[in-house]
Amino acid sequence: MALEEPAELPDANAASLLARGAHPDPFSVLGPTHDGRGVVAHVPGAERIWAVNDTDLVELARHPDAPAVFAGSSLPFYRLRVQWPSGLVVEREDPYRFGPVIGELDEYLIGEGTHRRLWDVLGSHVITHEGVAGVHFAVWAPNASRVSVVGDFCSWDPAALPMRARGSTGVWELFVPGIDEGAAYKYDLLDRHGRSLPQKADPVGFGSEHPPATASVVRRLGRHDWLATDWDARRTEINRADAPISVYEVHLGSWRRRPNGRSLSYIELATELVDYAADLGFTHIEVMPVTEHPFDGSWGYQPVGLFAPTIRNGTPSEFAAFVDAAHSRDLGVIADWVPAHFPTDAHGLGRFDGTALYEHLDPREGFHPDWNTLIYNFGRPEVRAYLVANALYWIDEYRLDGLRVDAVASMLYRDYSREQGQWVPNRDGGRENYEAIDFVKEVNRAIGDVHAGTAMIAEESTTFPGVTRALDDDGLGFDFKWNLGWMNDSLDYFGKDPVYRRHHHNQLTFSITYAFTENFLLPISHDEVVHGKGSMYSRMPGEHADRLGNLKAFYAFMWAHPGKKLLFMGQEFGQPAEWDHAGQLDWGVLHDPGHAGVQALVRDLNGLYRAEPALHRFDADGRGFQWLLVDAVDEQVFAWLRRGAPGDKHVVVVLNLTPVERSGFRVGFPLPGRWREALNTDSRLYGGADRGHGGAIETEPVPVGTEQQSALLTLPPLSAIYFVEE
């Protein structure tokens with residue numbers, strides 16, 4: 001039975017604002033009236049509306065000035081029955097009869113800029129609220145005068161579902177009953193002056209539409225049933241500074257494709273890529289950014305959906321399955337993370353609520369000229385909290401084992417890639433970006449507090465001090481830093497015709513002078529095989545056999561040099577072509593025994609690196625390295641010792657980097673006795689001529705250099721040999 005006394009219709013101004021989708025406080029008008037006796041509904045396009053429950057029904061009256069606004073008597077636990085012009089009648093819950101979802105503590109932490117788990121509060125969440133199933137939406141937009149959630153569920157009408165403002169926090173929220181996972185949505189905002197803005201994807205959205213579509217998609221978190229349940233302890237073990245760390249860097253979209261050109265899904269990669277990397281002996285897979293990004297050609301480094309694994313390869317739960325599969329094969333997973341900048345796409349973070357919300361207003365601080373991107377305002381607590389929470393999210397929800405932080409140098413320096421007058425000095429007149437430095441320390445501290453053992457890796461190209469020094473020792477707190485100086489010098493040296501190498505001798509020796517100043521990782525990354533640089537194979541001088549010989553010698557040099565290892569996909573078998581993100585690796589070259597030999601060498605280098613602690617235990621400690629031969633400039637022969645802790649076997653490495661075989665070449669050894677030839681890049685196993693020592697050598701008491709023992713060696717051209725003491 002209907003209540004007898006109808007509610008008053010909203011005044012003409014309120015009704016007009018609702019109809020135009022401009023009301024700043026829809027909950028002050030819509031839903032149950034304050035006295036509980038009436039109900040006001042706004043349903044664009046409705047012909048008639050009733051309030052109904054299990055026993056009663058009452059028709060609501062249409063507003064004379066706003067045909068989508070209806071009012072009438074209320075009912076306990078009412079629903080709305082809506083008749084559309086077609087005659088179709090549907091029942092639905094009224095979003096405006098539900099109370100808030102966000103609690104006071106969350107409001108306080110958001111307002112303070114210290115909420116470490118923002119993704120639990122913001123974004124879209126499938127929940128049951130007040131006994132009804134639906135999706136809760138929440139977004140931070142403090143300078144908007146109205147925010148609506150739009151999607152297929154409301155015909156993308158901004159007037160249909162305006163959200164509730166949560167006071168000084170700047171957060172807007174709305175519980176929308178009756179929708180579920182898979183719904184596409186955006187936020188429609190009016191700026192502080194009531195002007196319409198481009199519709200925005202959710203900054204904390206967990207899923208996205210397939211590009212070029214740009215809407216966010218409601219996705220449930222935590223749906224994967226993890227198999228590697230004890231992985232947290234293992235993560236700490238595999239990421240230690242004294243552990244063997246050999247990283248296989250992958251662009252998931254172009255590692256391998258199906259005959260129709262389709263990239264592999266996360267589920268397919270969970271077997272094919274994981275099995276491949278494990279078979280080659282790598283300890284980690286590093287994925288280039290999997291965060292959602294609109295432009296394929298950015299390779300993920302211009303992300304819009306920082307909380308969404310790209311749908312190009314599958315859903316969030318399928319990405320979790322990929323990580324879990326890697327863990328099941330004892331592989332860590334590292335993801336590239338991009339907190340330095342973001343693209344200017346209209347649906348992204350730029351001018352999100354009509355103001356420079358996430359970025360700096362001044363382009364001298366807020367715009368990156370090299371990449372045409374916007375720079376986060378690291379001095380704003382809410383922005384820092386957003387990025388810190390994002391880093392924690394990937395470790396917490398997807399159990400990643402590390403983050404490789406992109407473009408750190410661009411954050412640390414205000415004048416990065418800028419001319420005089422194009423940047424703003426810090427408060428002391430200097431170039432260091434104090435706010436970014438504080439942010440980097442904050443994110444590293446947060447990761448260490450919550451997920452100790454996670455590897456935080458800096459791509460940092462300058463001499464900024466203390467990148468991997470502990471936070472308590474005034475360092476930045478990273479675990480590892482890319483050694484880009486080693487990479488540049490080494491590639492330049494190996495790219496020279498051997499006849500000229502003696503003039504560049506120091507390029508191969510200089511890196512040892514600073515090798516132990518940071519915890520370094522030696523990167524041969526995607527950056528070295530794009531933009532006309534060619535591939536690792538094509539960067540080597542000479543004809544085919546010489547290129548292969550040089551490349552094998554380079555990898556042996558790299559794996560014996562202090563520092564953890566990283567190798568980009570395709571380079572493990574010497575792919576001749578430059579990397580193409582739109583294609584796939586040139587797997588066909590593995591029919592060539594020379595390229596198959598390079599792949600076999602990388603497998604054995606990884607195996608030896610893991611098996612012999614001397615090759616990894618003191619990667620960041622000068623005790624682990626000693627030159628045995630450093631001044632053979634004319635011969636271009638180098639020899640050094642890698643040593644570990646007491647009880648570890650010593651390893652001697654000898655390189656001949658000319659195309660001349662050197663027989664009877666005497667090299668000093670640190671200990672007398674028999675030394676096993678553990679690896680020789682000229683072995684027939686790697687496509688070589690098998691010139692070497694028949695498996696082992698015996699030292700003689702003939703002093704050479706600082707050593708009292710030595711041996712006469714046969715050094716094949718363009719080769720490296722590892723000797724392990726027996």
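**View 1. Pairing of Phe367 with Leu374 in a predicted model.** In this predicted model, Phe367 stands opposite Leu374 of strand E23. Two bridges hold the pairing of E22 and E23, which is antiparallel. These strands belong to an open sheet of three, ordered E21-E23-E22, with antiparallel pairing. E21 (341–342) and E22 are its edge strands, and each of them pairs on one side only. Strands of a sheet pair through backbone hydrogen bonds, either parallel or antiparallel.

**View 2. Asn372 in the loop between E22 and E23.** Strand E22 covers 367–368 and strand E23 covers 373–375, with Asn372 in the loop between them. Asn372 is not a glycine, yet its phi is positive, at about 55°.

**View 3. Ser417 in the loop between H8 and H9.** The loop shown runs between helix H8 (408–412) and helix H9 (434–450), and Ser417 is found there. Ser417 has a positive phi of about 55°, although Ser417 is not a glycine. With a relative accessibility of 37%, Ser417 counts as partly exposed.

**View 4. The open sheet E11-E14-E15.** Three strands make up this open sheet, in the order E11-E14-E15, and the pairing is antiparallel. Strands E11 (146–151) and E15 (216–217) stand at the edges with a single partner strand each, so one side of each has no neighbour in the sheet. E11 is joined to strand E14 (residues 184–190) by six bridges, and the two run antiparallel. Tyr187 in E14 is the bridge partner of Val149. In a regular strand the side chains alternate between the two faces of the sheet.

**View 5. The cis peptide bond between Pro211 and Pro212.** The peptide bond that joins Pro211 and Pro212 is cis, with omega about 10°. Pro212 has its place in the loop between E14 and E15, two strands of the sheet in the order E11-E14-E15.

**View 6. Strand E19 and its pairing with E18.** How many of the five residues of strand E19 (residues 305–309) are buried? Five of the five are, so E19 is largely enclosed by the rest of the structure. E19 pairs with strand E18 (residues 291–292) in the antiparallel sense, over two bridges. In E19, Pro309 is the bridge partner of Thr291.

**View 7. Packing of helix H10 against helix H13.** Helices H10 (residues 484–494) and H13 (residues 544–560) pack at an angle of about 150°, and their axes are 11 Å apart. The two helices are therefore roughly antiparallel to each other, the class for angles over 145 degrees. Their crossing is right-handed. On the H10 side, Trp486, Ser490, Leu491 and Phe494 take part in the contact; on the H13 side they meet Asn550, Ala553, Phe554, Phe557 and Met558. Sorted by class, the contact has seven nonpolar and two polar residues, and no charged residues. An α-helix has 3.6 residues a turn, so residues three or four places apart point the same way.

**View 8. Surroundings of the buried residues of H10.** Leu484, Trp486, Met487, Ser490, Leu491, Tyr493 and Phe494 are the buried residues of H10. Their packing partners include helix H11 (506–509), helix H12 (536–539) and H13. Strands also pack against these buried residues, namely E26 (480–482), E27 (520–524) and E30 (637–642). Trp486, Ser490, Leu491 and Phe494, among the buried residues of H10, also meet residues of H13.

How values were computed. Residues are numbered from 1 along each chain as its sequence is written. This is a predicted model: local features need pLDDT of at least 70, side-chain atom pairs count only at pLDDT 80 or more; totals for chains, interfaces and linings use all residues. Side-chain values use heavy atoms; hydrogens and water are left out. Axes are lines fitted to C-alpha atoms, for helices over the stretch in contact, and angles run from 0 to 180 degrees between N-to-C directions. Helices (H or I, at least four residues) and strands (E, at least two) are DSSP runs, numbered from the N terminus. Angles under 35 degrees count as roughly parallel, over 145 as roughly antiparallel, 65 to 115 as roughly perpendicular and the rest as oblique. A crossing is left-handed if the near helix is turned anticlockwise from the far one by less than a right angle, and right-handed if clockwise. Contact means heavy atoms within 4.5 Å. Ala, Val, Leu, Ile, Met, Phe, Trp, Tyr, Cys and Pro count as nonpolar, Asp, Glu, Lys and Arg as charged, and the others, Gly among them, as polar. Two strands pair if DSSP finds at least two bridges between them. Buried means under 20% relative accessible area, exposed over 50%, partly exposed in between (1.4 Å probe, protein chains only).
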